[in-house]
Amino acid sequence: MLGSISPDNTFKNVSLQDVKDEILECAKLVAELGYPDLRINKYLVSFSTRRVKNFATCTKVGDHQYKIVVNQHYLELASADNVHNTLMHEVIHSVPGCMNHKDPWKRVAKKVNATYTFTEI
């Protein structure tokens, strides 16, 4: 789980490296469920300070390369569990066939929810 949790269980000073590490951990957990492509994926991670409705986004930028942009304001306000779930949600988009929220994405999310004990995605 991400470091630098403040007393109110949010991430006021979370680093980009902390987020990258959490994304790699999420990818490892999903790969262990039978999605080995995630072991070779590369994740380009950045923060956005624009106040938008998205907590994070995932965009495919090349073969096995994905850009995940995380809303900095969300990190400062959301609970640790919610941030973890948001990052897991974005990592699931990097599973082949899961760039949208149709049935393949839902199947992977359901498998993640059934296997791991964190709050449902």
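Helix axes are lines fitted to C-alpha atoms over the stretch in contact, and angles between N-to-C directions run from 0 to 180 degrees. The structure is a predicted model, in which local features need pLDDT of at least 70 and side-chain atom pairs count only at pLDDT 80 or more, whereas totals for chains, interfaces and linings use all residues. Residues are numbered from 1 along each chain as its sequence is written, and side-chain values use heavy atoms, with hydrogens and water left out.

The chain contains 4 helices and 3 strands, where helices (H or I, at least four residues) and strands (E, at least two) are DSSP runs numbered from the N terminus. Their order along the sequence is α-β-β-β-α-α-α. Of the 121 residues in the chain, 45% are buried; buried denotes under 20% relative accessible area, exposed over 50%, and partly exposed in between, with a 1.4 Å probe and protein chains only. Contacts are defined by heavy atoms within 4.5 Å. Among contacts between residues at least 6 apart in sequence, 52% join residues at least 24 apart.

Helix α1 comprises 16 residues and extends 22 Å from its first C-alpha to its last, close to the 22 Å expected at 1.5 Å a residue; the expected span is 1.5 Å times one less than the number of residues. Its buried residues are D18, V19, E22, I23, C26, A27, L29, V30 and A31. These buried residues pack against β1 (42-48), β3 (65-71), α2 (72-77), α3 and α4.

The packing of α1 and α3 occurs at an angle of about 60°, with their axes 9 Å apart. The two helices are therefore oblique, given that angles under 35 degrees count as roughly parallel, over 145 as roughly antiparallel, 65 to 115 as roughly perpendicular and the rest as oblique. The crossing of α1 past α3 is right-handed; a crossing is right-handed if the near helix is turned clockwise from the far one by less than a right angle, and left-handed if anticlockwise. On the α1 side, V19, E22, I23, C26, A27, L29 and V30 meet H84, L87, M88, V91 and I92 of α3. Helix α3 also includes T86, which is buried, with a relative accessible area of 11%. Apart from neighbours within four places in sequence, T86 is in contact with F55, A56 and Y74.

Helix α4 has 13 residues, which should span 18 Å at 1.5 Å a residue, in agreement with the 18 Å between its end C-alpha atoms. Within α4, W105, V108, A109, V112 and N113 are buried. Viewed down the helix axis, these buried residues fall within an arc of 135° and so line one face of α4, the arc being that of the directions from the helix axis to the C-beta atoms. The other side of α4 carries the exposed residues R107, K110 and A114. K106 also belongs to α4 (residues 103-115) and counts as partly exposed because its relative accessibility is 48%.

The buried residues of α4 pack against α1 (16-31) and α3 (80-92). With α3, the packing angle is about 135° and the axes are 10 Å apart. Accordingly, α3 is oblique to α4. M88, H89 and I92 of α3 form this contact with W105, V108, A109 and V112 of α4.
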